[in-house]
Amino acid sequence: MLSAAPFVITDGGSIQEECALLGVPTLLWRKHTERPDGVGANVVVSRYEPAVIEAFLEDPARHRRPPRIPEVSPGARALEALAGWR
């Protein structure tokens with residue numbers, strides 16, 4: 001559902017990371033972030049500045065990026081390890 005969203009507004013860093021991987025336009029409702037994921041690409045840090053917020057909401061689609069799906073899935077690795085465990 002997140003990947004199909006037209007855009008996301010969040011104050012959460014973990015959602016920022018997921019949106020960065022999925023390329024979903026994201027307005028991060030924070031003054032700053034310690035996480036670089038997606039910032040300058042599909043993630044815009046609002047800094048609570050009306051001009052930044054308005055610019056994002058005017059055309060969030062311009063921030064959409066192609067998904068960056070990792071080649072290695074942590075879940076798949078866990079399943080492989082469990083499948084070999086007896």
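Author: Let us begin with Thr-10, which, once neighbours within four places in sequence are left aside, is in contact (heavy atoms within 4.5 Å) with Ile-15, Thr-26, Leu-27, Leu-28 and Trp-29. The model is predicted, so local features need pLDDT of at least 70 and side-chain atom pairs count only at pLDDT 80 or more, while totals for chains, interfaces and linings use all residues. Residues are numbered from 1 along each chain as its sequence is written, and side-chain values use heavy atoms, with hydrogens and water left out.

Reader: In which element is Thr-10 found, and is Thr-10 buried or exposed?
Author: Helices (H or I, at least four residues) and strands (E, at least two) are DSSP runs, numbered from the N terminus, and Thr-10 is found in strand E1. Buried means under 20% relative accessible area, exposed over 50%, and partly exposed in between, with a 1.4 Å probe and protein chains only. Because the relative accessibility of Thr-10 is 12%, Thr-10 counts as buried.

Reader: Where does Gly-12 lie, and which residues is Gly-12 in contact with beyond its neighbours within four places in sequence?
Author: Gly-12 lies in the loop between strand E1 (8-10) and helix H1 (13-22), and with a relative accessible area of 18% Gly-12 is buried. Gly-12 and Leu-28 are 16 residues apart in sequence, yet their C-alpha atoms are 7.5 Å apart in space. Leaving aside the neighbours within four places, the contacts of Gly-12 are Leu-28 and Arg-30.

Reader: Which residues form the largest nonpolar core, and which helix gives the most to this core?
Author: A nonpolar core is a set of buried Ala, Val, Leu, Ile, Met, Phe, Trp, Tyr and Cys residues joined through side-chain atoms within 4.5 Å. The largest one has five residues, namely Leu-27, Val-44, Val-52, Ile-53 and Phe-56. With three residues, the element that gives the most to this core is helix H2 (residues 50-58).

Reader: What does Leu-27 touch, not counting residues up to four places away in sequence?
Author: Leu-27 is one of the five residues in the largest nonpolar core. When residues up to four places away in sequence are not counted, Leu-27 touches Val-8, Ile-9, Thr-10, Val-44, Ser-46, Ile-53 and Phe-56.

Reader: How many salt bridges does a search of the whole structure find?
Author: Side chains of opposite charge can pair when their charged atoms come close. A salt bridge is a side-chain nitrogen of Lys or Arg within 4 Å of a carboxyl oxygen of Asp or Glu. By this rule, the search of the whole structure finds four.

Reader: What is the N to O distance in the salt bridge of Arg-47 and Glu-49?
Author: Arg-47 counts as partly exposed at 39% relative accessibility, and Glu-49 is partly exposed with a relative accessible area of 35%. Their side chains meet in a salt bridge whose N to O distance is 3.4 Å.
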